[in-house]
Amino acid sequence: VLDALPYSAAYIKTPMWDIVAWNRAASKVLTDYGALPPERRNILRLMFGAKHVRAKQADWRRITRFVVATFRADVVRAGAVAEVEGLVAELCAMSAEFAALWRENNVQSGYGDHPKRIEHPTAGWIALDYCAFAVDGRPDLQLVVYNPATPEDMAKVKALVEA
């Protein structure tokens with residue numbers, strides 16, 4: 001399925017938000033997950049611990065508030081509250097911003113209705129519409145897909161993927 005989406009960045013994540021599979025578009029547009037050791041392929045560790053990921057977000061504060069609230073909802077939905085305690089402690093120690101957001105105790109289900117805007121180092125700003133899907137037979141996994149929001153964004157993504 002991932003490879004059938006050549007110009008849509010897509011990945012599969014666990015309730016702990018570890019990336020376990022991704023396509024070429026995700027590597028070119030979002031992050032080259034294959035270049036990271038498996039323990040670094042975590043969306044939260046990247047959002048709160050990697051300066052280059054923070055720098056490419058159009059509205060980092062809004063995005064991280066959304067990310068933490070959605071993570072909390074995913075953890076509860078998957079029944080993985082006990083499993084994430086170590087990750088949450090690590091993130092709280094690593095980032096005062098994460099700790100503050102976690103203490104807010106916000107929960108948000110769903111991925112919203114506004115495009116995600118990222119600044120790619122060579123392509124510039126790219127707007128992506130995103131959605132998430134449960135993986136049939138695997139309630140512990142979720143497929144997340146980012147589609148280019150406009151024809152201009154599609155042209156940028158195509159150029160990155162085909163390079």
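Student: Helices (H or I, at least four residues) and strands (E, at least two) are DSSP runs, numbered from the N terminus. In that scheme, which helix holds R77 and D74?

Tutor: R77 and D74 belong to helix 4 (residues 60-78), three residues apart, a separation of about one helical turn. This is a predicted model, in which local features need pLDDT of at least 70 and side-chain atom pairs count only at pLDDT 80 or more, whereas totals for chains, interfaces and linings use all residues. Residues are numbered from 1 along each chain as its sequence is written, and side-chain values use heavy atoms, with hydrogens and water left out.

Student: What do the side chains of R77 and D74 form?

Tutor: They meet in a salt bridge at 2.9 Å, N to O. The term denotes a side-chain nitrogen of Lys or Arg within 4 Å of a carboxyl oxygen of Asp or Glu.

Student: Is D74 buried or exposed?

Tutor: D74 is buried, at 6% relative accessible area. Buried means under 20%, exposed over 50% and partly exposed in between (1.4 Å probe, protein chains only).

Student: Which residues make up the network with D74?

Tutor: Salt bridges link K13, D74 and R77 in a network.

Student: Changing topic, how many salt bridges are there in the whole structure?

Tutor: The search finds nine. One of them joins the side chains of E97 and R54 at 3.0 Å, N to O. E97 lies in helix 6 (residues 96-104) and R54 in helix 3 (residues 51-55), so this pair ties together parts 43 residues apart in sequence.

Student: What is the relative accessibility of E97?

Tutor: E97 has 27% and counts as partly exposed; R54 is partly exposed at 34%.
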